[in-house]
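Keep the structure open beside you and find each residue as we come to it.

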Amino acid sequence: MGRRFLYFIPVMLLLAGLLAACGSMTPSAPEPTQTPARSIDFTVNDLEGNKVELSSLRGQVVLVNFWATWCTPCKEEMPILEEFYQAHKDENFTLVGLNVSDDVEDAAEYITRNGYSFTIWSDPPGNTMIDLGIRGLPASILVDTEGNLRWYWLGPVTGEILDQEILPYLK
């Protein structure tokens, strides 16, 4: 019991921080942040439990959106992400929704129930977010065709933001 409890302390602290950040986000709060190009990669699981690597998507422009089912702004931006994905998936663009705190079954059920078609990966402890220095939900990062981090956004996205920040990389 003691060892299990110690495992849950950092997880609970992360969840408390994410919940606090999620609740305070508003669509107009952050500004997009251009980042110097730096190669980025991480390994997580898909919803079937298979290991997947961001680098497996090299050659495509990839938007990774960090989300959770309990995060209201995350759920509000999902239809916007789906619409953008449907409009641009044939233009060398892919969208990965990276669920960071739900059980795999809960994340899969949410995606299925709402009919979202983009790729969903899972990182329940949120280690990828921590490693990238992301401290709130929702959050999105843009990775170019060569695996370089080009942009990140903390807070919910809009269609205008997606058009402005992603379309130049699809040309």
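This is a predicted model: local features need pLDDT of at least 70, side-chain atom pairs count only at pLDDT 80 or more; totals for chains, interfaces and linings use all residues.

Now for the charges. Side chains of opposite charge can pair when their charged atoms come close. How many salt bridges does a search of the whole structure find? The count is two.

Start with R113 and E109, whose side chains form a salt bridge with 2.8 Å from N to O. Look for both of them in helix α3, which covers residues 104-114. They sit four residues apart, and that is about one turn of the helix. What about their surroundings? R113 has a relative accessible area of 55%, so it counts as exposed. For E109 the value is 41%, which makes it partly exposed.

Next, hop over to D144 and R150. Their side chains also meet in a salt bridge, and here the N to O distance is 2.8 Å. Is D144 buried or exposed? With a relative accessibility of 8%, D144 is buried, because the cut-off for that word is under 20%.

Now find D123, in the loop that runs between strand β6 (119-122) and helix α4 (127-132). This residue is buried and yet has no salt bridge. Which side chain of opposite charge is nearest to D123? That would be K51, but it is 8.7 Å away.

A polar atom of its side chain lies 3.1 Å from the backbone nitrogen of N127. Setting aside neighbours within four places in sequence, D123 also touches a set of other residues, among them V44, L98, N99 and V100. S101, T128 and M129 are in contact with D123 too.

Last stop: the cysteines. Searching the whole structure turns up one disulfide. It links C71 to C74, with 2.5 Å from S to S. If you look along the link between C71 and C74, the angle about the S-S bond is 75°, and the link is right-handed. Where do these two cysteines sit, buried or exposed? Both C71 and C74 are buried.

Key: Residues are numbered from 1 along each chain as its sequence is written. Side-chain values use heavy atoms; hydrogens and water are left out. A salt bridge is a side-chain nitrogen of Lys or Arg within 4 Å of a carboxyl oxygen of Asp or Glu. Helices (H or I, at least four residues) and strands (E, at least two) are DSSP runs, numbered from the N terminus. Buried means under 20% relative accessible area, exposed over 50%, partly exposed in between (1.4 Å probe, protein chains only). Lys and Arg count as positive and Asp and Glu as negative; His and the chain ends are not counted. A polar contact is a pair of N or O atoms within 3.5 Å; within protein, one must be able to donate a hydrogen and the other to accept it, and residues adjacent in sequence count only if both atoms are side-chain atoms. Contact means heavy atoms within 4.5 Å. A disulfide is a pair of cysteine sulfur atoms within 2.5 Å.
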